[in-house]
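Please look over the model shown here before reading on. The points below are numbered so that each can be taken up separately.

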Amino acid sequence: MRQFTAVVNPTAGGATSAAALLGVARLLREAGAELETEYSRSLPHARELARRAGRRGRVVLAVGGDGMAGAIGGALSGTGAPLGLVPAGRGNDFARALRLPTGPAALAGVLLHGEPRPVDTIEVTSAVHDRTVVLGSVYAGVDALANHHANHARLLRGTASYYTGALRAVAGWRATRYRVTVDGREHAFTGYTVVAANSGYYGSNRLIAPSARVDDGLLEVVMIHEAPRRLFFALMNELGTGAHVHRPQVRVLRGREVRVETDRVVPYGADGEVEAVVPVTARVLPGALRVLVPRGESAGPAA
């Protein structure tokens, strides 16, 4: 029977995370599994708790949203320790890419009997962050600014904070000249953002990279070029289905290493939490993490 350590950050959506864990924890214990809970003071502390539990041979449960999943998954990357996800955030985009169920009974079943599948992670390096490992995506541009606004929204929560943050970011965005190097080949354009995606989803259920897989050893590189604001808002609406990739203003490449540089100070983000400014390099780490997924399911994109 598996032994679990759940890592919860009580300062970030703590009530939601605790509620999500409660039903799952009861079912795990009723099945005979051992479960301990660790409360972190911050994401760096969560990473340390995860590493410590992994070294003890335990399955580490990341309880929270994509920021928590990315922090703990990044900490376990390359260690061989298995990760289980208990989605309890605004987006839960990486859990969605893995087709994880949301109900307590089905989720407990995955944690108890699911297969530890190898998935890719992303190594992120910049002048600010010497080396950070995340799970979902790295994005540099208007979406990073929108996420910053959403993270600091006081009155709005959930999807509403993302929409409001996006409107605010787009309204003040100035065209930016990008230089994007994918596996040594340079691509220059003027536009809104560059996304290096391991998971197809980001920003609370937006399908930014429909063809991305978390287990193919590649990053999907989505570049959104300059367009009138009216057209850009239409493009944003298409992120719900992934139809935006068919527009001429969107270019999609694939590669193992992506370097993003700009002609002015531009923010980048990663998994909703890491916030810094370009230049930034994202490099895929193939099969570096084992995550519990439903038996018989691949670790590819959700349908």
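**Notes on the predicted model**

1. Helix α3 is largely enclosed by the rest of the structure, because 11 of its 11 residues are buried. This is a predicted model, and the remarks that follow should be read as describing it. The buried residues of α3 include D66, as well as M68, I72 and L76. After the helix comes G78, which has a positive phi, near 85°.

2. Which elements supply the lining of the largest cavity with at least two residues each? Helix α3 (66–76) is one of them, together with β3 (59–64), β4 (82–87) and α4 (93–97). The lining comprises 13 residues. Nearest the centre of the cavity lie G64, G65, A69, L85 and A95.

3. Three cavities of 30 Å³ or more are counted in the model. Rolling a probe the size of a water molecule over the atoms shows where empty space is left.

4. The count of salt bridges in the model is 17. Two of them share E48: R52 pairs with E48, with the closest N and O atoms 3.9 Å apart, and E48 also pairs with R55, with a closest N to O separation of 3.6 Å. The cut-off is 4 Å, so the R52 pair at 3.9 Å falls within it.

5. R52 and E48 both sit in helix α2 (residues 43–55). They are four residues apart, which is about one turn of the helix. Are the side chains of this group of residues buried or exposed, starting with R55? R55 counts as exposed, because its relative accessibility is 61%. R52, at 42% relative accessibility, counts as partly exposed, and E48 is likewise partly exposed, with a relative accessible area of 29%.

6. Two further items concern salt bridges. E186 and R179 meet through their side chains at 3.7 Å, N to O. R179 has a relative accessibility of 35% and therefore counts as partly exposed. Separately, a network of salt bridges links E34, E36, R56 and R58.

7. V277 lies in strand β16 (residues 274–277).

8. H149 is found in helix α6, which spans residues 142–151. Its relative accessibility is 15%, so H149 counts as buried; the cut-off for that class is under 20%. H149 and L167 are 18 residues apart in sequence, and their C-alpha atoms are 9.8 Å apart in space.

Note on methods
Residues numbered from 1 in each chain as written. Predicted model: local features only at pLDDT ≥ 70, side-chain atom pairs only at ≥ 80, totals over all residues. Heavy atoms only, no water. 1 Å grid on protein atoms, 1.4 Å probe; cavity = no way out; pocket = protein on both sides within 12 Å on 5 of 7 lines; lining within 4 Å. Points joined across faces, edges and corners; volume = space filled by probe spheres on them. Buried < 20%, exposed > 50% of the residue type's maximum accessible area, 1.4 Å probe, protein only.
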